[in-house]
Amino acid sequence: MQAIIPCDIAYIIKNKEHTVVLSGAGISAESGVPTFRGTDGLWSKYRPEELACEQAFLADPELVWSWYQYRRDVIKSVKPHAGHLALASIESLSPQFTLITQNVDGLHVRAGSRRVLELHGNIMVNKCHSCGEETRDEEFRFAGEIPKCRCGGMLRPGVVWFGESLPVDVLEQAITAAGSCDLFISVGTSSIVYPAASLLEIAHEKGAVILEINPETTPHTRLADYHLSGSAGQILPVLADAYKSLHSQTAGD
Ligand code: BV8
Ligand code: ZN
């Protein structure tokens, strides 16, 4: 793994046909959405795995709903940053592009990304814990009473909890994209949560160039061809500029 400086970036992205990006909570952190493994005050006494699971919901649905309502309020109060916008512009400049996100906050779509696979669902969706029906009600706010589905089941946020399987169609598309790309960019993820973390391993196995963007190293840094140590908001705009200049060069050829 080589540490590189931005001017090498053009060399990495040149002639790439299919770019896949896997994003994690780190990219949302710069918008003000606390990461899963950082300390975020009010809820820091709980580990996410203790609240983002069916057992916690069945044991104390009010506690779990309060946590999600707090997170929904944070997400509604923030907006996408330059890193999110850079990914949307890279998508428009790449022959083929797939953005796979572990984040449930919808910030990529709000930034203009179109080809987005939400591996872990979307926090603004309500899902029935009995029949699985999904609804979206922007007016809904949890205020102490557990919302019910028309079938009588309890509603819960439409996210994938620990111990729950990911949406099969979304995971299949993500695996196909990871297995057919020639550039895989991992940004803002600790590469701990599976099966999302296996996507980089698939891309690496198939010979894609691996670029990791993270201020820290992760268990996947050893598989990366390049590790850019820095923040998403700092590095992704540089990457987008490299795509833009390459694009104008080829357009000018
Ligand atoms: C499943 C939605 C099985 C909920 C989330 C192997 C295979 C399969 C499963 C497992 C396995 N090994 C273990 C498991 C179980 C488990 C798991 O992976 N556990 C971990 C903790 C070891 N996996 C599951 O349970 C999955 N389900 O496989 O079930 C199954 C199969 C069949 C049938 C039934 C069951 C489900 C996992 C999904 C859980 N749901 N989210 C919610 O949001 O409430 S995961 C949650 O963690 C978020 O989505 C988050 O994105 C995700 C991963 O965390 P990261 O995104 O990486 O965030 P983190 O805070 O960890 O790291 C942030 C990183 O950013 C850091 O590295 C930091 O340095 C960096 N950073 C910080 N600032 C910046 C930055 N980088 C760039 N710029 C910055 N400014
Ligand atoms: Zn129902």
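**View 1. Tryptophan 65 and phenylalanine 142 are both buried in this predicted model.** Let's start with where these two residues come from. Tryptophan 65 belongs to helix 5, while phenylalanine 142 lies in the loop between strand 6 and strand 7, so the pair links distant parts of the chain, 77 residues apart.

**View 2. Here we turn to tryptophan 65 with phenylalanine 140.** In all, the count comes to four aromatic pairs. In this one, the ring centres of tryptophan 65 and phenylalanine 140 are 5.4 Å apart and the planes meet at 65°, so the pair is edge-to-face. Again, distant parts of the chain are linked: tryptophan 65 is in helix 5 (residues 61-77), and phenylalanine 140 is in the loop between strand 6 (134-135) and strand 7 (155-159), 75 residues away. Tryptophan 65 and phenylalanine 140 are both buried.

**View 3. Trp65, Phe140 and Phe142 come together as one aromatic cluster.** Back at tryptophan 65 and phenylalanine 142, the ring centres are 5.8 Å apart with the planes at 15°; the pair is stacked because planes under 30 degrees apart count that way.

**View 4. The charged end of arginine 71 sits over the ring of tryptophan 67.** Look for the centre of the tryptophan 67 ring: the charged end of arginine 71 is 4.5 Å from that point.

**View 5. Another charge over a ring involves arginine 156 and tryptophan 161.** Here the charged end of arginine 156 sits over the tryptophan 161 ring, 3.7 Å from the ring centre.

Methods:
Residues numbered from 1 in each chain as written. Chains lettered and ligands numbered in written order. Predicted model: local features only at pLDDT ≥ 70, side-chain atom pairs only at ≥ 80, totals over all residues. Heavy atoms only, no water. Phe/Tyr/Trp six-rings, centres within 6.5 Å; stacked < 30°, edge-to-face > 60°. Helix = DSSP H or I, 4+ residues; strand = E, 2+ residues; numbered from the N terminus. Buried < 20%, exposed > 50% of the residue type's maximum accessible area, 1.4 Å probe, protein only. Lys NZ or Arg CZ within 6 Å of the ring centre and 35° of its normal.
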